[in-house]
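Hello,

Here is the structure I said I would pass on. Please open it first, then read the notes below.

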Amino acid sequence: MALVRGFMAAKKIIGGSVAGTRKETSAPKGFLAVYVGESQMKKQRHLVPVSYLNQPLFQDLLIKAEEEFGFNHPMGGLTIPCPEDTFLTVTSQIQG
């Protein structure tokens with residue numbers, strides 16, 4: 001169930017941000033842009049492969065984002081509310 005919620009949340013958020021024409025909200029095909037950080041002013045933009053959506057570690061981050069923001073992300077794109085070093089650790093583990 002968490003997997004389905006994560007996919008649906010990401011799809012809804014990504015669909016809204018990719019449709020925009022602003023350059024900073026677009027991402028190359030096969031990637032999605034996420035904003036990472038705990039402070040509104042210090043969020044960093046990262047591009048992650050869409051294949052990460054299948055990974056349980058990344059799904060945990062999506063669930064955390066859903067719990068904090070629902071579908072109203074302040075940056076206009078998917079915002080993950082965790083320290084950047086935690087995000088980098090998770091993505092490094094997924095890369096293997």
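**What was found**

Of the 96 residues in the chain, 36% are buried. Please keep in mind that this is a predicted model.

The chain has three helices and three strands. Starting at the N terminus, they follow one another as α-β-β-α-β-α.

The sheet comes next. In what order do the three strands lie in it? The order is β2-β1-β3, in an open sheet with mixed pairing. Strands β2 (44-49) and β3 (78-80) are at the edges and have a single partner strand each, so one side of each has no neighbour in the sheet. From one strand to the next, the twist averages 40°. In general, the strands of a sheet pair through backbone hydrogen bonds, in a parallel or an antiparallel way. Here β1 (residues 31-36) pairs with β2 in the antiparallel sense, over six bridges.

Helix α2 (residues 56-69) touches β2 and β3, and its direction makes about 100° with that of β3. Helix α3 (residues 84-95) touches β1, β2 and β3, and its direction makes about 10° with that of β2.

Two totals for the chain remain. Among contacts with a separation of 6 or more, 52% are between residues 24 or more positions apart. The accessible surface is about 5900 Å², and carbon and sulfur atoms account for 56% of that surface.

Regards

Notes
Residues are numbered from 1 along each chain as its sequence is written. This is a predicted model: local features need pLDDT of at least 70, side-chain atom pairs count only at pLDDT 80 or more; totals for chains, interfaces and linings use all residues. Side-chain values use heavy atoms; hydrogens and water are left out. Helices (H or I, at least four residues) and strands (E, at least two) are DSSP runs, numbered from the N terminus. Buried means under 20% relative accessible area, exposed over 50%, partly exposed in between (1.4 Å probe, protein chains only). Contact means heavy atoms within 4.5 Å. Accessible areas come from the Shrake-Rupley method with a 1.4 Å probe; for residues, only the protein chains shown count as cover. Two strands pair if DSSP finds at least two bridges between them. Axes are lines fitted to C-alpha atoms, for helices over the stretch in contact, and angles run from 0 to 180 degrees between N-to-C directions.
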